[in-house]
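Subject: Structure for you to look at

Hi,

Here is the structure I promised to pass on.

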Amino acid sequence: MACKLLTLYPNNTDRPSHQASIVLFDSSNGSPLAVMDGASITDMRTAAASAASTKHLAKDSPRVHAILGTGHQAYSHFHALNHLYKFDQVCVWGRTPANVQKFATETGATPCSTVEEAVKEADVITTVTMSRTPVLKKDWIKPGVHINAVGACRPDWQELDPELVLSSVVYVDSKEAAPKESGDIILSKAEVYAEVGEVILGKKEACKDKTTIFKSLGLAIEDVVSAKLVYDKLTSS
């Protein structure tokens, strides 16, 4: 049992836009067990969810990964997807050139000056920006690419051009949350085909021959399970 406290200040420049703490409790008696850095857990569990969706929805053996954004989620997604695949190239784009160069230097990624340059050869695209308007357009991508859309976590924010969303097969982590919270889905009026969990369970098809989008919003259960994993690892060492 756990409780997550999260603040979102998108205009922060001297600290992360998302800050969080997770309090873990003993489910048998309600006693608090630990207070954890929720930001780190959020970064890792979000990237893990994207990695799981990529594993089930992307074409086999993707060679190029494009990351749009240079914040904490960009780093966590770089490491999570590199754990699954040996990419020939990882390309990165961001609004601030200094941050793009910093990310490239620290990870070995290829810095790109435009989104189009970053995504033109990509097999997997991960969008982790704080953009409120679309940054990724349909005409820039290869058919059959898989997109992890992680940013745009508010009903009036978008990372993806509506034409791109409407031409893709859309998967989500929660069918209940997506039509209420995701601007990419609300503003494009796109239909959600399935939850990724349904694909993993074999209840829905993984349309690997088509362009696929995983719209990630995050689930509370991911935080609870991740916090318990961290706590168990700490107490067993």
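First, a term you'll need: a salt bridge is a side-chain nitrogen of Lys or Arg within 4 Å of a carboxyl oxygen of Asp or Glu. Also keep in mind that this is a predicted model.

**Salt bridges**

A search of the whole structure turns up 12 salt bridges. Let's start with Asp14 and Arg15, whose closest N and O atoms are 3.1 Å apart. That distance is within the 4 Å limit, so the two count as a salt bridge. Asp14 counts as exposed because its relative accessibility is 59%, and exposed means over 50%. Arg15 has a relative accessible area of 47%, so it is partly exposed.

Now go to Glu222, which forms a salt bridge with Arg45, with 3.3 Å between the closest N and O atoms. This pair ties together distant parts of the chain: Glu222 sits in helix H9 and Arg45 in helix H1, 177 residues apart. Are these two buried or exposed? Glu222 is buried, and Arg45 is too.

Lys175 is partly exposed, with 33% relative accessible area, while Glu198 counts as buried at 19%. Some salt bridges share partners, and in that way Lys4, Arg45, Glu222 and Asp223 are joined into one network.

Together with Val225 and Leu229, Ile221 makes a nonpolar surface patch of about 290 Å². Ile221 itself is exposed, because its relative accessible area is 53%.

**The cavity**

How many cavities of 30 Å³ or more does the structure hold? There is one, and the largest cavity has a volume of about 30 Å³. Its lining is made by Ala149, Leu160, Val165, Val170, Asp184, Ile185, Ile213 and Lys215. Helix H7 (183–186) and strand S11 (212–215) are the elements that give two or more residues to that lining. Sorted by class, the lining has six nonpolar residues, two charged ones and no polar ones.

**Two backbone angles to check**

Most residues other than glycine have a negative phi. Two places here go the other way. Ser61 has a positive phi, near 55°, and lies in the loop between helix H1 (38–57) and strand S4 (64–68). Ala152 also has a positive phi, near 50°, and belongs to the loop between strand S8 (146–149) and helix H5 (162–166). Which of the two is exposed, and which is buried? Ser61 counts as exposed because its relative accessibility is 52%, whereas Ala152, at 1%, counts as buried.

Pick Gln89 in strand S5 (residues 89–93), which is partly exposed at 32% relative accessible area.

Cheers

Terms used:
Residues are numbered from 1 along each chain as its sequence is written. This is a predicted model: local features need pLDDT of at least 70, side-chain atom pairs count only at pLDDT 80 or more; totals for chains, interfaces and linings use all residues. Side-chain values use heavy atoms; hydrogens and water are left out. Patches are made of residues with over 30% relative accessible area and no salt bridge: like charges are joined within 9 Å, nonpolar side chains (Val, Leu, Ile, Met, Phe, Trp, Tyr) within 5 Å. Accessible areas come from the Shrake-Rupley method with a 1.4 Å probe; for residues, only the protein chains shown count as cover. Buried means under 20% relative accessible area, exposed over 50%, partly exposed in between (1.4 Å probe, protein chains only). On a 1 Å grid over the protein atoms alone, a cavity is a set of points where a 1.4 Å probe fits but cannot get out, and a pocket is an open set with protein on both sides within 12 Å along at least five of seven lines; lining residues have an atom within 4 Å of a point. Grid points are joined across faces, edges and corners, and a volume is the space filled by probe spheres set on the points. Helices (H or I, at least four residues) and strands (E, at least two) are DSSP runs, numbered from the N terminus. Ala, Val, Leu, Ile, Met, Phe, Trp, Tyr, Cys and Pro count as nonpolar, Asp, Glu, Lys and Arg as charged, and the others, Gly among them, as polar.
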